[in-house]
Amino acid sequence: MNEYLDLDALWKVLLASLLAGAGLVAVFSLALAGLSSGRTAGRAGAGLCFLVVAAGIVLGLYVMLAK
């Protein structure tokens, strides 16, 4: 079975897609929750979460365009 499938590469793709897909959506939802709280600390946390999401988007674009 391993002759036909590169399980190591498949595992890496699965892990990266889970982190990028579900992780960034979770961080974005935390940012929206922080913004809706109305507190200063919530807004600061939301800004940090938005920076993480923007960094993920830029990293994804960089990886795709570098190949």
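Visitor: How far does H2 reach from its first C-alpha to its last?
Guide: Helix H2 has 27 residues and reaches 39 Å, close to the 39 Å expected at 1.5 Å a residue. The expected span is 1.5 Å times one less than the number of residues in the helix.

Visitor: What kind of model is this?
Guide: It is a predicted model, in which local features need pLDDT of at least 70 and side-chain atom pairs count only at pLDDT 80 or more, while totals for chains, interfaces and linings use all residues. Residues are numbered from 1 along each chain as its sequence is written, and side-chain values use heavy atoms, with hydrogens and water left out.

Visitor: How many helices and strands are there in the protein chain?
Guide: The protein chain has two helices and zero strands. These are DSSP runs numbered from the N terminus (helices: H or I, at least four residues; strands: E, at least two). Helix H1 covers residues 7–37, and helix H2 covers residues 40–66.

Visitor: And the overall dimensions: what does the C-alpha trace span along its principal axes?
Guide: The trace spans about 55 × 25 × 10 Å. The radius of gyration of the protein chain is 16 Å, whereas a compact globule of 67 residues would have one near 11 Å. The radius is taken over C-alpha atoms, and the globule rule is 2.2 Å times the number of residues to the power 0.38.

Visitor: What percentage of the residues count as buried?
Guide: Of the 67 residues, 9% count as buried. Buried means under 20% relative accessible area, exposed means over 50%, and partly exposed lies in between (1.4 Å probe, protein chains only).

Visitor: Which are the buried residues of H2?
Guide: They are Gly-42, Ala-46, Cys-49 and Val-53. Their cover includes H1.

Visitor: Ala-31, then: buried or exposed?
Guide: Ala-31, in helix H1, counts as buried because its relative accessibility is 0%. Leaving aside neighbours within four places in sequence, Ala-31 is in contact (heavy atoms within 4.5 Å) with Ala-46, Cys-49 and Phe-50.

Visitor: What does Phe-50 touch?
Guide: Apart from residues up to four places away in sequence, Phe-50 touches Phe-28, Ala-31, Leu-32 and Leu-35. Phe-50 sits in helix H2 and is partly exposed, at 28% relative accessibility. From C-alpha to C-alpha, Phe-50 and Leu-24 are 9.5 Å apart, although 26 residues apart in sequence.

Visitor: Where is Ala-26 placed?
Guide: Ala-26 belongs to helix H1. At 39% relative accessibility, Ala-26 counts as partly exposed. Its C-alpha lies 9.7 Å from that of Val-53, which is 27 residues away in sequence.

Visitor: Changing topic: how many salt bridges does a search of the whole structure find?
Guide: The search finds one, where a salt bridge is a side-chain nitrogen of Lys or Arg within 4 Å of a carboxyl oxygen of Asp or Glu. Lys-12 forms it with Asp-8, and the closest N and O atoms are 3.7 Å apart. Both residues lie in helix H1, four residues apart, about one turn of the helix.

Visitor: Why does Lys-12 count as exposed?
Guide: Lys-12 counts as exposed because its relative accessibility is 53%. Asp-8, at 48%, counts as partly exposed.

Visitor: Which residues make the nonpolar surface patch?
Guide: Trp-11, Leu-14, Leu-15, Leu-18 and Leu-19 make a patch of about 540 Å². One of them, Leu-15, lies in helix H1 and is partly exposed, at 42% relative accessibility. Patch residues have over 30% relative accessible area and no salt bridge; like charges are joined within 9 Å, and nonpolar side chains (Val, Leu, Ile, Met, Phe, Trp, Tyr) within 5 Å.

Conventions. Accessible areas come from the Shrake-Rupley method with a 1.4 Å probe; for residues, only the protein chains shown count as cover.
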